[in-house]
Amino acid sequence: MKRLPRRVALLVSGALVLTGVGLSPPASSAGVRSAGAAPVLDWSRYATQTIVTGRPPASSEVLLGIVHIAIADTVAGLGYGRPFKFAVRQDHGASPAAAVATAAYDVLRARVPDAAGLDATYADYLAGVPAGRAKDRGVALGQSVAAAVLAWRAGDGLGNAVPYVQTTPGPGVWEPTLPTPPVDIVLTQVRPLALRYRAQFRPDGPDSLTSKRYARDVAEVASLGRADSTTRTAQQSKTARFWSEQTAQQWSRALVQLAADRHLSLSGAAQMLVLAHVSAGDSLIACWDAKFHYLSWRPVHAVQRADTDGNPRTQADPSWQSLLNVNHPEYPSGHACFTAGAAGALQAFFHTSHVRLVMSSLVTGTTRVYPDLSAVRSEVREARIVSGLHFRHSMLDGDVLGTQVADWISARH
């Protein structure tokens, strides 16, 4: 494995963290000891419950990426598979349950200090692990990995207070669509989890306001995405609402179910989840960099003020309102970036796009089964257009951005 230039050496609770390591190809199942995935799946669920409460999707996903790095490197420290970031002295005699729980808990306690019920959840979980040397060694291993992860992410920008200063309003310029601060603007200052820098894959930008493609996209969303649209079908409206749940929560649930459905081992579950969450997290950091770089207006203002865009092909409708509303710049689509990042990671992990995925929505109370990853990406693309939130060009470029991020990260694993 290629090692990072900067070495990390921490001695915590008797377990030595040797060094930060570069990203490497996933270990094959051959030759890797098998272990039940329950601790990884349990703490992926607990992490999601802890993080998403009251927090927007994009910053939630970045935090999930951090926690899953700690989980994956702890599993590697137990002797199962390869580390994502930090190689530790392996302890084959440590309890997997105690180690994974402690690593996740320590990171969550530090990064979500006001989390309700977390201490009790950890105490109850640890009480279920038989007392003895294996448990003690597991706790020590988890603590050492968590300490290394927290030291690495110190000052990463995720806790910054970032004010929003409105650019001079005008044609094409985004203005808030709600009387609240722009959602997740903090990501414009957050250090990526694996990418070299936030703008590494910055897309080319929205279409020119005077272009034919822009006019076509405006007409499409004006018709389908209007709150009282007569061209949007009932099924399209259901799809729009299906994908309106808190995205990190919705995807995290699906990823855990996928690991269970595939009967992944402890190592397999840890590697699949870290690859998906880090790819999605960095896709969103890159996406928000682009959003606040281009500051492109939402369809609601594009349609209402079409008489100011200089394009004779567009028609203004001052009364137009979108089916759904979100408060951050339009280009590129955050949903497209997230979906492509997660899907790209799954395709790399399973070496195929033919991955059956079960998604559920707490908004609609329904479950949908997708035969492959392309079906998920396609449905998300259409869902955000008929929601009145995005132009097609933004969905396509967001998909490309998420794919580029996932491919780059996967190539180094």
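L401 counts as buried because its relative accessibility is 1%, where buried means under 20% relative accessible area, exposed over 50% and partly exposed in between (1.4 Å probe, protein chains only). The model is predicted, so local features need pLDDT of at least 70 and side-chain atom pairs count only at pLDDT 80 or more, while totals for chains, interfaces and linings use all residues. Residues are numbered from 1 along each chain as its sequence is written, and side-chain values use heavy atoms, with hydrogens and water left out.

L401 sits in helix α13; helices (H or I, at least four residues) and strands (E, at least two) are DSSP runs, numbered from the N terminus. Leaving aside residues up to four places away in sequence, L401 touches F201, P203, S283, A286, C287, P332 and C337, a contact being heavy atoms within 4.5 Å. G341 is 60 residues from L401 in sequence, yet their C-alphas are 8.0 Å apart in space.

Next comes the packing of nonpolar side chains. A nonpolar core is a set of buried Ala, Val, Leu, Ile, Met, Phe, Trp, Tyr and Cys residues joined through side-chain atoms within 4.5 Å. The largest one has 109 residues, and W43, V149, W243, W251, M272 and L346 have the most contacts inside it. Helix α9 (residues 266–294) gives the most to this core, with 16 residues. A second, separate core has 9 residues, among them Y214, V221, V300 and W320. In soluble globular proteins, nonpolar side chains tend to be buried together.

Two of those names turn up again in helix α6. Its buried residues are Y214, A215, D217, V218, V221 and L224, and their cover includes α7 (234–242), α10 (299–304), α12 (373–386) and α13 (392–411). With 13 residues (212–224), α6 reaches 18 Å from first C-alpha to last, close to the 18 Å expected, which is 1.5 Å times one less than its number of residues.

And the open space? On a 1 Å grid over the protein atoms alone, a pocket is an open set of points with protein on both sides within 12 Å along at least five of seven lines, and lining residues have an atom within 4 Å of a point. The second largest pocket holds about 410 Å³ of space. Of the 27 residues lining the second largest pocket, P57, T247, V326, H328 and R384 lie nearest its centre. The largest share of that lining, 3 residues, comes from α11.

How values were computed:
1 Å grid on protein atoms, 1.4 Å probe; cavity = no way out; pocket = protein on both sides within 12 Å on 5 of 7 lines; lining within 4 Å. Points joined across faces, edges and corners; volume = space filled by probe spheres on them.
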